[in-house]
Amino acid sequence: QVQLQESGPGLVKPSQTLSLTCTVSGVSITTPDYYWNWFRQPPGKILEWMGAITYSGSTYPRPSLKSRTSISRDTSKNQFTLQLSSVTPEDAAVYYCGRGRGVGEYDYRGQGTQVTVSS
């Protein structure tokens, strides 16, 4: 059974870097041809795609966030990570990781982790 679990700090201060990890079980993140996506949903807003890393390690950050986003993976731990730098209160959201067949898609998704940005 495929499962994804997000982890990271629930509270980040403005200007700091947010780092989230998605731990995957039930499937290897190197299995062709999956894309491992990050999403977020700010309060009262729709789900927003943040970026993706593929089974081969190619990364696709959201263009509007490219300068602040880094996506990486640790295949030995079957994890992939999202780093978002210079956070502001507008980055507060529930962050999700998901598995899909393309950018912005998912057939399995984690339960999400709440991130608050506040000093």
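**Entry 1**

I began at T113, which is buried, with a relative accessible area of 13%. I use buried for under 20% relative accessible area, exposed for over 50% and partly exposed for anything in between, with a 1.4 Å probe and protein chains only. The model is predicted, and I kept to its limits: local features need pLDDT of at least 70, side-chain atom pairs count only at pLDDT 80 or more, and totals for chains, interfaces and linings use all residues. Residues are numbered from 1 along each chain as its sequence is written, and side-chain values use heavy atoms, with hydrogens and water left out.

T113 belongs to strand 11, residues 113–117. Strands here are DSSP runs of E with at least two residues, helices are runs of H or I with at least four, and both are numbered from the N terminus. I then listed what T113 touches, leaving out residues up to four places away in sequence: E6, L20, A93, V94 and Y95. A contact means heavy atoms within 4.5 Å.

**Entry 1. The whole chain**

I counted zero helices and 11 strands in the protein. Read along the sequence, the pattern is β-β-β-β-β-β-β-β-β-β-β. The radius of gyration is 13 Å, close to the 14 Å that the globule rule gives for 119 residues, so the protein is as compact as a globular protein of that length. That radius is taken over C-alpha atoms, and the rule is 2.2 Å times the number of residues to the power 0.38. I also noted the box filled by the C-alpha atoms, roughly 40 × 25 × 25 Å along the principal axes.

Of the 119 residues, 40% are buried. Among contacts between residues at least 6 apart in sequence, 54% join residues at least 24 apart. The protein exposes about 6,100 Å², and carbon and sulfur atoms supply 45% of that area. I took accessible areas from the Shrake-Rupley method with a 1.4 Å probe; for residues, only the protein chains shown count as cover.

For charge, I found 11 positive and 8 negative side chains, with the centres of the two sets 4 Å apart. Lys and Arg count as positive and Asp and Glu as negative, while His and the chain ends are not counted. Each charge is placed at NZ of Lys, CZ of Arg, CG of Asp or CD of Glu.

I followed strand 1, residues 3–7, and saw its side chains alternate. Strand 1 pairs with strand 3 in the antiparallel sense over five bridges; two strands pair if DSSP finds at least two bridges between them. In this pairing, L4 stands opposite V24 in strand 3.

Strand 3 (residues 18–25) also pairs antiparallel with strand 8 (residues 79–84), over six bridges. There the bridge partner of L20 is L82 in strand 8. Strand 8 is in turn joined by six bridges to strand 7 (residues 69–74), and these two run antiparallel. T69 stands opposite L84 in strand 8. Strands 7 and 8 form a hairpin with four residues between them, and N78 in the turn has a positive phi of about 55°.

I looked up L65 in the loop between strand 6 (59–61) and strand 7. At 8% relative accessibility, L65 counts as buried. Beyond four places in sequence, L65 touches R40 and M50. V27 is 38 residues from L65 along the chain, and their C-alpha atoms are separated by 28 Å.

E48 is in strand 5, residues 48–54. Leaving out residues up to four places away in sequence, E48 touches W38, F39, R40 and R62. E48 and D107 are 59 residues apart in sequence and 16 Å apart in space, C-alpha to C-alpha.

**Entry 2. Backbone exceptions**

Most residues other than glycine have a negative phi, and most peptide bonds are trans. S15 lies in the loop between strand 2 (11–12) and strand 3, and at 59% relative accessibility S15 counts as exposed.

S86 is also not a glycine, and its phi is positive at about 50°. S86 is in the loop between strand 8 and strand 9 (93–100); at 40% relative accessibility, S86 counts as partly exposed.

Last, I checked the bond joining P32 and D33, which is a cis peptide bond with omega of about -5°. D33 lies in the loop between strand 3 and strand 4 (35–41).
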